[in-house]
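Student: I would like to learn how to read a structure. Could you walk me through one?
Tutor: Gladly; let us look together.

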Amino acid sequence: MPGLLDDTICAVATPVGEGGIGIVRVSGSSAVSIGAQVVVLRSGKGLQVLESHRLAHADLVDIRARGSLPPVFVSGGGHRWVDEALGVVMRAPRSYTGEDVLELHCHGGTIVLQELCQGLVQAGARMAEPGEFTKRAFLNGRLDLTQAEAVLDTIQAKTASSLYVAQAQLRGRLSEEVQGLRERLIGLLAQVEAGIDFTEEDIEFIERDALRSGLQTVQARVGQMIERGREGRLLREGLTMAIVGRPNVGKSSLLNALLQTDRAIVTAIPGTTRDVLEDGLNIGGLPVRVLDTAGVRDTDDPIEQEGVRRAKMAMEQADLLLIVLDGAAPLEGTDRELLELFPDKKRVLVINKCDLPQVLEATGLQRESDGKRAPLVTISATTGSGFDELKLAIRSCALQQQLEPREGVLVTRVRHLDALRRTQEAVGNALVSVEARAVGELIAMDVRAATDALGEITGAVTTDDILDRIFQEFCIGK
Ligand code: GDP
């Protein structure tokens with residue numbers, strides 16, 4: 001990023017499009033002096049003397065347009081009006097970025113916001129890079145990396161449960177945990193190193209047993225965090241589900257019925273129905289993306305090979321399979337074929353059309369279901385019967401434990417899991433060296449590697465590469 005921290009950046013902080021309010025954010029040492037060139041306070045005072053964290057009524061003007069404009073368009077100062085706004089100055093270090101920040105709340109129109117930003121650039125600001133406000137917050141020590149990532153997770157949360165996990169992370173719960181483990185390792189490292197330095201004096205600064213148990217404690221806790229990481233990732237990224245079954249068993253009807261339960265709130269907002277499908281379903285707090293198996297129903301092929309081929313593709317990508325059968329018809333070859341595919345994947349067996357006279361022989365399925373611990377649910381996509389059980393089955397099949405962590409924190413990112421795995425490996429190596437009565441240098445090397453890996457999570461240890469990768473995910477203005 002060019003000139004990072006030296007210059008003053010600006011960007012629209014609200015989403016693109018028309019809205020009641022649009023917010024432009026300016027951050028950097030010249031935020032106030034640059035702002036003063038486009039903001040005229042109604043009080044008549046200068047922006048520079050505005051009290052920190054106080055909203056003030058202001059006019060926004062276009063400093064480029066001085067000169068021969070008809071008087072109806074210009075302010076007393078001879079500038080063209082852009083809009084009227086509420087402005088707030090948040091002086092360093094008590095701001096999001098830790099720098100002087102100016103926020104201008106004006107009308108949320110594309111041209112208004114564009115003109116305002118152009119004015120600020122004209123006055124000396126630079127348009128911000130994606131995630132640059134949050135990156136500055138990190139570089140200025142306002143947030144650590146897990147908290148910066150939690151800002152994005154909060155914005156992108158797919159369900160309330162994902163939001164709660166993101167909020168815990170934003171408030172530093174994950175950092176505290178990781179930091180605690182890291183400090184423990186640093187303590188052990190210091191003692192091992194003290195032992196190295198004084199070997200000739202034959203002082204064992206740390207007993208081998210104490211070192212072993214210290215490392216084992218860290219190892220166990222890191223192991224727990226990794227174990228629950230799969231759930232954490234499901235909460236943040238969502239579960240991918242394939243709804244499969246031969247034509248006419250009711251797959252589309254089932255999907256529609258699932259969507260309906262979600263849609264009650266969403267359809268009040270025009271144009272969002274499509275997004276529900278794209279963003280996914282919310283099944284008891286679990287974000288679920290349904291893989292498209294459209295086309296399966298349109299095939300004329302009596303053996304349904306094309307259908308099966310498409311279903312296979314979706315099943316391969318899915319975390320969870322919803323295998324739908326028609327309760328009002330006998331089991332067919334295609335049903336059996338689908339049931340035999342991907343036997344190791346998580347699956348829920350669904351018998352649909354329970355409102356019709358039942359023909360399907362379910363005892364065999366029950367046995368199959370019991371054997372593989374795949375729940376079997378009977379529903380009617382038409383009447384909506386059985387859907388609560390279905391949602392519960394999907395949720396508990398996907399997540400072994402409760403969504404809300406009862407204790408400890410939930411790791412939700414691959415980046416964190418990767419660092420935890422490297423920590424685990426390094427601590428494991430250190431333990432092997434301790435058992436083998438290896439020299440202190442060797443043990444210290446592994447403990448140091450583990451400490452560094454943990455440090456990557458919070459950003460205590462970091463590289464430009466890691467930072468770039470993290471902040472590239474952000475949009476401009478965040
Ligand atoms: P798909 O080909 O698997 O997607 O099946 P559809 O969802 O298109 O459903 C096929 C037919 O079965 C349609 O005429 C639906 O109205 C009907 N159908 C679906 N679910 C039920 C159900 O639970 N009960 C009854 N009686 N009919 C259903």
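Student: How many helices and strands does the secondary structure of the protein come to?
Tutor: Helices (H or I, at least four residues) and strands (E, at least two) are DSSP runs, numbered from the N terminus. Here there are 17 helices and 13 strands. This is a predicted model, where local features need pLDDT of at least 70, side-chain atom pairs count only at pLDDT 80 or more, and totals for chains, interfaces and linings use all residues. Residues are numbered from 1 along each chain as its sequence is written, and side-chain values use heavy atoms, with hydrogens and water left out.

Student: At what angle do helix α7 and helix α15 pack?
Tutor: Axes are lines fitted to C-alpha atoms, for helices over the stretch in contact, and angles run from 0 to 180 degrees between N-to-C directions. For α7 (residues 208-227) and α15 (residues 414-435) the angle is about 155 degrees, and the axes lie 9 Å apart. Angles over 145 degrees count as roughly antiparallel, so that is how α7 and α15 run relative to each other.

Student: Is L145 buried or exposed?
Tutor: Buried means under 20% relative accessible area, exposed over 50%, partly exposed in between (1.4 Å probe, protein chains only). L145, in helix α4 (residues 145-156), is buried, with a value of 0%. Across the protein, buried residues make up 49% of the 478 residues.

Student: Which residues does L145 touch?
Tutor: Contact means heavy atoms within 4.5 Å. Not counting residues up to four places away in sequence, L145 touches several residues, among them F138, R415 and E456. L145 and E456 are 311 residues apart in sequence, yet 8.4 Å apart in space, C-alpha to C-alpha.

Notes: Angles under 35 degrees count as roughly parallel, over 145 as roughly antiparallel, 65 to 115 as roughly perpendicular and the rest as oblique.
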